[in-house]
Amino acid sequence: MNVYGIDFTSTPSRRKPITCRHCRLEGDVLRVLSASAWPAFEQFEAALARPGPWIAGIDFPFGMPRRFVAGTGWPVEWPDYVRHAEALGKEGFEAALNAYRKRQRVGQKEHRRRTDVLAGSLSPQKLYGTPVGKMFFQGAPRLQQAGVAVPGLQQGDRLRVVVEAYPGVLARSVTKAGYKHDRAKKQTIAQRDARHGILRALTSGRLAARYGVTVAGDDPELVDDPTGDTLDALLCAVQAAWAWRNRARLFGNPRIDRFEGWIADPCGVPGSEPGP
């Protein structure tokens, strides 16, 4: 099975492209193949249109918090509120999120989805710092337009399957140390050591009990890229491979939230944690 891990950005460029890792799932081995860097959304859209069979794990929130959608009066089904957000336009979407924040009391300005709480990820309403709200705006409508299958959210083409990934939760299962930074002045040898430790955990089989796969193949860039984008793309591929291997119990799982979406990780879906 072809498996793609995609580290997404809301503003792709040559300096900060969307990063993709192509892997091949062979039983319980995830073989690392090639890498791609997409400086514009057109390459991302072309990848989504590529004929299957394949599964991709993409690092951005596919849905918005139920509480936020209810509080703004947006449509109450995933396809409808994604289209509504797209119709607002970039400025209108960001204005809607900022206006909502201003109306809320301290501590309630940005909500998290149930899966965000479980996986320890940021609120999809966040526009600053790590702007995952902007990633939702740029990414979710493109999933709809591509007609891919998004288990729990969109039926689509069953040969082209996309799941939401979050590499941070996988990385934290290995180390709590920081392992990346976009700013050169804040990139350290300690972060490089952490990236090496994460990769070693993947290739040694240490995480096989949790994710069901051992990574085979090596690329110096996985450790040497100080931004962590290359490694994050591989972590997204591992989560996509986990989802595919467990598709019988995940893709039709009634615990998956068909409004907010879900993160493809043992921490992201109630009842999906690996047994002893």
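**Exercise 1. Is Asp257 buried or exposed, and what is its relative accessible area?**

Solution. This is a predicted model, in which local features need pLDDT of at least 70, side-chain atom pairs count only at pLDDT 80 or more, and totals for chains, interfaces and linings use all residues. Residues are numbered from 1 along each chain as its sequence is written, and side-chain values use heavy atoms, with hydrogens and water left out.

Step 1. Take the cut-offs: buried is under 20% relative accessible area, exposed is over 50%, and partly exposed is in between (1.4 Å probe, protein chains only).

Step 2. Asp257 has a relative accessible area of 18%, so Asp257 is buried.

**Exercise 2. Find the salt-bridge partner of Asp257.**

Solution. Step 1. A salt bridge needs a side-chain nitrogen of Lys or Arg within 4 Å of a carboxyl oxygen of Asp or Glu.

Step 1. Asp257 meets Arg66 this way, at 3.0 Å from N to O.

Step 2. Asp257 is in the segment after α11 (247–250), and Arg66 is in helix α2 (residues 66–72), 191 residues apart. Helices (H or I, at least four residues) and strands (E, at least two) are DSSP runs, numbered from the N terminus.

Step 3. Arg66 has 40% relative accessibility, so Arg66 is partly exposed.

**Exercise 3. Which parts of the chain does the Arg21 salt bridge tie together?**

Solution. Step 1. The structure holds 17 salt bridges. In one of them, Arg21 pairs with Asp219, with the closest N and O atoms 2.6 Å apart.

Step 1. Arg21 lies in strand β2 (residues 18–26) and Asp219 in the loop between β7 (214–216) and α9 (221–224), so the pair joins parts 198 residues apart in sequence.

Step 2. Arg21 has a relative accessible area of 1%, so Arg21 is buried.

**Exercise 4. Describe the surroundings of His111.**

Solution. Step 1. His111 sits in the loop between α3 (78–103) and α4 (114–119).

Step 1. At 6% relative accessibility, His111 is buried.

Step 2. List contacts, meaning heavy atoms within 4.5 Å. Beyond neighbours within four places in sequence, the partners of His111 include Pro65, Phe68 and Tyr100.

**Exercise 5. How many disulfides does the structure hold?**

Solution. Step 1. A disulfide is a pair of cysteine sulfur atoms within 2.5 Å.

Step 1. The structure holds zero. For Cys23, the nearest cysteine sulfur is that of Cys20, 8.4 Å away.

Step 2. Cys23 has 0% relative accessibility and is buried.
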